[in-house]
Amino acid sequence: MKIHMENLRRRGQITASVRRFFEEKGYLEVETPLWVPAPIPEAHIDPLEAGNGYLQASPELCMKRLLAAGSGPIFQITKAFRKGERGAKHIPEMTMLEWYTPGADYESLMADCQGLFLAVAQDLGLGTTLRVKGHSIHLDRPWKRLTVKDAYSLYGSEPMDQALSGDRFDEVMGLEVEPRLCGDTPVILCDYPAPMAALAKRKESDPSVAERFELYVEGLELANGFTELTDADEQRKRFEEEVALRKRLNKSTWPVPEAFLNDLPHMPPSAGIALGMDRLAMLFCGAETIDEVLTFPPESL
């Protein structure tokens, strides 16, 4: 196998730049457990079993419990694990950046993403424009923004509501919509239908959608963020709906995370986001596959 040492050196610089960005903004870097007894119940994400528990698919629940304990703004670069995710842009053991900000909403996270990308580009000496798949991506211009409903209207073979009712939302999104989220800036896809945002706050002006967004560059998803839901009763109901859906899909289930639900009423209004560090490295290294920015792909071990 080939080890791409230049990419690994650049990846190290990217990681250092990310840390510097959040430390200069006054965020506390934290470390939470990889092993959890009860991960987030999500119908379409399968965690890896480990002993009598699971390896986390995201540090989200523990980080929100820290917010509830009064941590203030926090960030973490950590491993996350998801069963069956392997491909040119997917890996079962990924590196995730997550940050959470009390008193913020998903709009502020969008601004954070632009600030972070510009800071990394500057630290790498790349200016404000990236070359991706032969196209110029301008980081300093206003980033293109689309609602999910509008993106379905433009790129989907069926309306969003029809895809939802037919349980084809993820299929249409992955095969038809996402590959066309391109342009001369990164693209923000926002205002997801509420059933597709189990941990996000609903939008007050339109409760049928949630304050969730995903970030894309040339069709590659890089981040998923939202204004956090802080209503424990509503969160329990959504978790139970996800568990019921997993049962209908004949998937394994586990108890809802009670410790998180107990702490949730103490969490301040906040916003949080997960950004894939492997894919961020792909972007800034000009890599076509995730293997090009890894030390050892799993098949090489």
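Here are legends for a handful of close-up views of this predicted model.

Some housekeeping before the views: residue numbers start from 1 along each chain as its sequence is written, and side-chain values use heavy atoms, with hydrogens and water left out. Because the model is predicted, local features need pLDDT of at least 70 and side-chain atom pairs count only at pLDDT 80 or more, while totals for chains, interfaces and linings use all residues.

**View 1. The whole chain, for orientation.**
The chain holds nine helices and 14 strands (DSSP runs numbered from the N terminus: helices are H or I with at least four residues, strands are E with at least two). Its radius of gyration is 19 Å, which agrees with the value near 19 Å for a compact globule of 301 residues (taken over C-alpha atoms; the globule rule is 2.2 Å times the number of residues to the power 0.38). Along the principal axes, the C-alpha atoms fill a box of roughly 50 × 40 × 40 Å. Of the contacts between residues at least 6 apart in sequence, 68% join residues at least 24 apart, where contact means heavy atoms within 4.5 Å.

**View 2. A three-stranded open sheet.**
The strand order here is β2-β4-β3, with antiparallel pairing (two strands pair if DSSP finds at least two bridges between them). At the edges sit β2 (35-36) and β3 (48-50), each pairing on one side only. Two bridges join β2 to β4 (residues 53-55) in the antiparallel sense. Look for Trp-35, which stands opposite Leu-55 in β4.

**View 3. The β7-β8 hairpin.**
Strand β7 (residues 129-132) and strand β8 (residues 135-138) run antiparallel and are joined by four bridges. Two residues separate the strands of this hairpin, and Lys-133 in the turn has a positive phi of about 50°. Val-132 stands opposite His-135 in β8. As a reminder, side chains in a regular strand alternate between the two faces of the sheet. In β7, Leu-130 and Val-132 make up the covered face, with Thr-129 and Arg-131 on the uncovered one.

**View 4. Arg-238 and its surroundings.**
Arg-238 is found in helix α7 (residues 232-248). Setting aside neighbours within four places in sequence, Arg-238 is in contact with Ala-197, Ala-198, Leu-199, Ala-200, Arg-202 and Leu-229.

**View 5. Lys-201 in its loop.**
Lys-201 lies in the loop between β10 (187-193) and β11 (202-203). With 31% relative accessibility, this lysine counts as partly exposed. Not counting residues up to four places away in sequence, Lys-201 touches Ala-210, Glu-211, Thr-227, Glu-228 and Leu-229. For scale, its C-alpha atom is 29 Å from that of Ile-91, 110 residues apart along the chain.

**View 6. Thr-227 in strand β13.**
Thr-227 belongs to strand β13 (residues 220-227) and counts as buried at 6% relative accessibility. Beyond residues up to four places away in sequence, Thr-227 touches several others, including Ala-104, Asp-105, Tyr-106, Lys-201, Ser-270 and Ala-271. The C-alpha atoms of Thr-227 and Cys-190, 37 residues apart along the chain, are separated by 11 Å.

Technical notes:
Buried means under 20% relative accessible area, exposed over 50%, partly exposed in between (1.4 Å probe, protein chains only).
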